[in-house]
Amino acid sequence: MNRTVLVAVHTGRGAAIDSARLVINRLVDAGINVRVLDAEAGEIGCGGAEAVPADPGAAKDAEVMIVLGGDGSLLRAAELARPAGTPLLGVNLGHVGFLAEAEVADLAAAVDSVVAGRYDVEERMTIDVLARQNGRVLADTWALNEVTVEKQERMLEVVAEIDGRPLSRWGCDGVICATPTGSTAYAFSAGGPVVWPEVEALLMVPISAHALFAKPLVVSPRSTLAVEILPDTPGGVLWCDGRRRFELPSGTRIEVRRGAEPVRLARLHGVESTGAPFTDRLVAKFELPVQGWRGRVRP
């Protein structure tokens with residue numbers, strides 16, 4: 001059976017180019033077909049790989065998509081991989097890299113695990129978002145980490161809604177609606193809780209709200225979250241994973257639900273990966289103090 005792997009790389013990092021060449025050569029030597037995105041192929045300059053357009057067809061029938069970069073690179077890759085259902089395998093070349101499965105020091109071992117088929121696939125929740133003003137659709141899109149409604153110049157005046165019932169009115173800099181995966185991203189910076197990835201939930205986190213009740217909320221994955229920008233107040237802007245931007249005039253209603261399609265992530269066997277357990281990843285990424293821990297008392 002022919003096997004195909006799509007490789008994407010943050011070409012703005014010099015070390016990433018060398019890493020991409022190592023990955024491609026190792027895969028080709030193992031008899032695996034390799035695709036690279038045509039916008040990156042010239043800088044990689046590696047023979048044996050097929051250059052393809054950067055559209056959802058790039059990941060079609062690919063066994064896995066290896067992404068070399070930071071979380072931003074992986075979020076960009078998710079836009080290509082999600083429609084095809086192709087698992088993403090992130091190799092962290094950035095700073096925090098919560099979405100990555102391996103660090104660059106483990107790159108060769110990670111590729112060998114892919115070649116040997118030593119990996120599992122897990123699904124991460126996404127969110128779908130619909131923004132409308134007077135029945136006119138302004139945005140119909142999705143996100144893996146979060147959707148944010150943010151001010152442009154002056155403070156936003158919004159009403160938050162959960163499952164069709166009004167919750168509170170906030171004067172604020174914005175509102176974040178996030179997945180558990182996104183709980184360690186923008187929502188974390190805004191004071192939201194860290195939610196383990198296997199927990200199914202939706203988060204709503206106000207940003208710098210001038211209100212007595214403006215706490216982060218964790219609700220059912222079956223809930224519908226809504227934010228209404230009040231008429232006669234300044235408009236805002238909608239960001240999806242910090243990548244897709246939409247203007248929001250005053251009077252816009254933004255609805256957020258669990259996404260119809262998940263993003264799939266590859267989890268490796270036998271590699272000192274950043275993927276599991278999640279507690280260890282938190283400790284490593286945030287350099288949390290755990291000195292003095294003795295472990296579970298054994299009988």
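Colleague: Is Glu 101 buried or exposed?

Modeller: Bear in mind that this is a predicted model. The relative accessible area of Glu 101 is 2%. The cut-off for burial is under 20%. So Glu 101 counts as buried.

Colleague: Where does Glu 101 lie, and how many Å apart in space are Glu 101 and Arg 154?

Modeller: Glu 101 belongs to the loop between strand 5 and strand 6. Along the sequence, Glu 101 and Arg 154 are 53 residues apart. From C-alpha to C-alpha, their separation in space is 40 Å.

Colleague: Phe 98 and Phe 278 form a ring pair; why is the pair tilted?

Modeller: The search of the whole structure gives 4 aromatic pairs. For Phe 98 and Phe 278, the ring centres are 6.3 Å apart. Planes under 30 degrees apart would be stacked, and over 60 edge-to-face. Here the planes stand at 45°, so the pair is tilted.

Colleague: How many residues apart are Phe 98 and Phe 278, and which elements hold them?

Modeller: The pair links distant parts of the chain, 180 residues apart. Phe 98 is in the loop between strand 5 (88–92) and strand 6 (102–103). Both residues are buried. Phe 278 is in helix 6 (residues 278–286).

Colleague: What is the angle between the planes of Phe 98 and Phe 286?

Modeller: These two rings also form an aromatic pair, and the pair is tilted. Centre to centre, the distance is 5.4 Å. Phe 98 lies in the loop between strand 5 and strand 6 and Phe 286 in helix 6, so the pair ties together parts 188 residues apart in sequence. The angle between the planes is 55°.

Colleague: Which residues do the ring pairs link into a cluster?

Modeller: Two members have come up as partners of Phe 98: Phe 278 and Phe 286. Ring pairs link these into a cluster that also holds other aromatic residues.

Colleague: What is the volume of the largest cavity, and which residues line it?

Modeller: The count is 1 cavity of 30 Å³ or more. Its lining includes Phe 98 and Phe 278, along with Leu 99, Arg 124, Pro 180, Thr 181, Ser 183, Thr 184, Val 195, Pro 197 and Arg 281. By class, the lining has 6 nonpolar, 3 polar and 2 charged residues. The volume of the largest cavity is about 60 Å³.

Colleague: Which charged ends sit over the ring of Trp 142?

Modeller: One is 4.1 Å from the ring centre, and belongs to Arg 82. Another is 5.3 Å from the ring centre. That charged end belongs to Arg 244.

Colleague: What is the phi of Asp 61, and what is the phi of Asn 134?

Modeller: Asp 61 is in the loop between strand 3 (49–52) and strand 4 (64–69), and at 65% relative accessibility it counts as exposed. Asn 134 is in the loop between strand 8 (127–133) and strand 9 (136–143), and at 76% it counts as exposed. Each phi is a positive value in a residue other than glycine. Phi is near 65° for Asp 61 and near 50° for Asn 134.

Conventions
Residues numbered from 1 in each chain as written. Predicted model: local features only at pLDDT ≥ 70, side-chain atom pairs only at ≥ 80, totals over all residues. Heavy atoms only, no water. 1 Å grid on protein atoms, 1.4 Å probe; cavity = no way out; pocket = protein on both sides within 12 Å on 5 of 7 lines; lining within 4 Å. Points joined across faces, edges and corners; volume = space filled by probe spheres on them. Nonpolar A, V, L, I, M, F, W, Y, C, P; charged D, E, K, R; others polar. Phe/Tyr/Trp six-rings, centres within 6.5 Å; stacked < 30°, edge-to-face > 60°. Helix = DSSP H or I, 4+ residues; strand = E, 2+ residues; numbered from the N terminus. Buried < 20%, exposed > 50% of the residue type's maximum accessible area, 1.4 Å probe, protein only. Lys NZ or Arg CZ within 6 Å of the ring centre and 35° of its normal.
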